[in-house]
Amino acid sequence: VSDPARAALDAKVLAWMREPACLEWPQEEERFDRLACELFTFQFERCAPYGRFCARRGRTPGTVRSWREIPAVPTGAFKELALRSFRAEEAVHVFRTSGTSAARRGELHLDTLALYEASVVPSFVQHLLPELVRGIPVGPASAPPPRLRILAPTPAAAPDSSLSHMFGVLLRELGARGAIGPSGFDLDAGELQFRGWLRALEDALEHDAPLVLCGTAFAFVHALDELARLGMHLSLPAGSRVMETGGFKGRVRELSREALYGLLEERLSIPSSAIVNQYGMTELASQFHDSVLRFPGTLRRKLAPPWARVRLVDPATGDPVPPGEIGVLVIHDLGNTSSVSAVETADLGRQVEDGFEILGREPGAEARGCSLAAEEMLAGSGPA
Amino acid sequence: LSASSAREVSDALGRVRGCGKTLRARPRSETLCVLAQVLDRWRDPTSKTRQSLDHMLPEATGFSREVVRAGLAHALGGWTDEALRALVQRELGGGAGALDRGAVLATGFGSTSVLLAGALPTPTLLAILAPLVVGSPVLARTSSSDPVTARLVAASIAEVDPELAACVEIVEFAVDDFAAMEAFLSAECVVASGSDATLSAVARRVRPPRRFVGYGHRVSVAVLGSEALAPPSLLETCARLVFDVGLWDQLGCLSPLAVYVVAAEPPQIEGLAMGMASALAQAEVKLPRGRTPTSASAAFARARAEAEMRSAAGQDVDVYGLPTDPWCVVREDSAQFREAPLYRFVRIHPVADLAALPGALAGLAPHLAAVAIDGFGANSPKAAELAASLGASRICAPGRMQAPPLGWHHDGQGVLTPLCRFSDVESD
């Protein structure tokens, strides 16, 4: 990072991300607000389209008094524009969205991967391996370290996939700390390596090593279909768990999250209390995870790391919705120093206690007219 | 309203089938006479039917009261006794019964199930009346977006002729109630409106010799030549287009989602965009936008913000209106079709000349319903031919898009002919 102002900001955010983990993970409102406003001032000046967008909405560093007033960019803008807060020639990496429902793919341009990578491990550990934060073993006291099996392409096979990169970082960092046992990817060239995956599961069973099965929901469906075809049921070692992410849109087979969790329990003996959904997107550095392992026995909700915030807003007014009501998710992610930190997602959600839940389209919302929403039409027509 | 069970749906179908014998025994002229009186009631703003619609439809569907009133008055104006008879004459010939079209016998099916969709009332009215015209009794499933209209259609028939009204039953059940749907789809003819996915799913379950008639989701656009943008015409053009946009909040397949401006200078296009914005703002007084679901508001706000971002990035794009306005106009820099979030969101695209129009609309062609055309002077027939060649089933003037004639070839099909079996009776 060549820009001294940016380097200073990155250093502050990185320091936060690298602080020793504790289960409470205090949100530190003042610290977040101060850093978010500093970052807004920086991005307002360095990312010209964003600066003009904000100015036209009457939001400038002079008028914004709190992180809640920082204008958010819709995720669709990442499909149209390279939203950079650095010079184009300094880019070191570009992550791209999977592009399952539109011809264009969203892009996140980065001049450093440091923040992206630094945010991954603490969030994962807090929500998938909270025992490490508590200083206790994962699974039974005598169990060897947990093993990660990843149902996603490797970073080499999908260099522009932020998800693959995230898994690569997890294997590298947790492996270097000795926090995990033999682990690896089980997708090759987009194909599930079922036999290898199964061998890895059976080996873990043999050694009583807890498994952390990670991957896209779609890949899990494939693996579970294979198990069903073979009539197999595995009772994975105590302490095993699942992290699933992503949806099914544009894929061959869709099923509800409840159905997926039912199949995971049926075929792998993983109860839903040990299944964590991760909510993330290419346009963001940080991820959000279900609370079920971190705070067992409490209401399932998604929790943010301290350097990110979620607002639920009324899309018609931009005002926050009352707690419990449906709104659009707006995410403020301090990890996004290289692009724009405030992103308006295409998802609806609802606040749940100190977290939130993601909702699909409004329940029971049939189309009110016969006019085709063009997004649907464009998806059906394929690339123009 | 309580959901009908599979048994209730099956029983209802059995009852209408039974009534069908009486219906087919009637002279068609008698049925037409009753249906013409029903249409009279629907056209009369003081009738009990219209008052019920005025009262119940806004709450049930989310449309504003003003839109419901204006939309019904506009759409039903031409749905007269004469229009109904002309439709029958055109599609079935003049015969009053057995030997239609001289030597062709048109027979309605033993029963017709009508799977209604959406919240617009006039398609629901026609969908229930059309099978009756051909002598087929009707079992209709209401749309969850409009639980009101189908029952009012049945009630308005009952006011005129209880015997004919017995040939119509309305049921309500969840689309994922497989058993109820199976019973519903066991009619001899099934008419369904909805998304491509819905139609495919229904079509798979209606096997020959039963008849399936599908009406898919569609889009409409306006295409303007420079004559429509000249100062004397511009205000009128904008007012007419905004009327088409405002009625039913762009949710009908005949609402223009985009305006293509052919061979116009940039100031003319900007003038149109400003005029449309101004007219949409004014329309809020007389035709306010209705209720907007959160997901739709979100899509609307997102599309607007994305256009703002492109403009801020230096693209030749302008966004008119404030983020909190219940309408939006975006002047685009190219003919490329973009996401249309509906609910009064209009994009204006430049097109170099008429020859470039097919290319501009090519992506829309499989989904095209109506094209409003204006401002081409002597080239108007050519513009209309181009639109027709792209698949538009209706070409009309701005301001008329929401008033399709009773005989409009919806999706390019006849109104009555898909609901009949034809038998050719040779003279020797």
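Trainee: Which residue does B:Asp11 meet in a salt bridge?
Mentor: B:Arg7, with N to O at 3.4 Å. A salt bridge here is a side-chain nitrogen of Lys or Arg within 4 Å of a carboxyl oxygen of Asp or Glu. This is a predicted model, where local features need pLDDT of at least 70, side-chain atom pairs count only at pLDDT 80 or more, and totals for chains, interfaces and linings use all residues. Side-chain values use heavy atoms, without hydrogens and water, residues are numbered from 1 along each chain as its sequence is written, and chains are lettered from A and ligands numbered from 1 in the order in which they are written.
Trainee: Where do B:Asp11 and B:Arg7 sit?
Mentor: In helix α1 (residues 6-25) of chain B; they are four residues apart, so about one helical turn separates them. Helices are DSSP runs of H or I, at least four residues, and strands are runs of E, at least two, numbered from the N terminus.
Trainee: Is B:Arg7 buried or exposed?
Mentor: Exposed, at 63% relative accessibility, while B:Asp11 is partly exposed at 33%. Buried means under 20% relative accessible area, exposed over 50%, partly exposed in between (1.4 Å probe, protein chains only).
Trainee: Switching to chain A, what does A:Arg301 pair with?
Mentor: A:Asp354, with the closest N and O atoms 2.8 Å apart. A:Arg301 lies in the loop between β11 (288-290) and β12 (302-303), and A:Asp354 in the loop between β15 (342-352) and β16 (355-359), so the bridge ties together parts 53 residues apart in sequence. A:Arg301 is buried at 6%, whereas A:Asp354 is exposed at 53%.
Trainee: How many salt bridges over all chains?
Mentor: 52.
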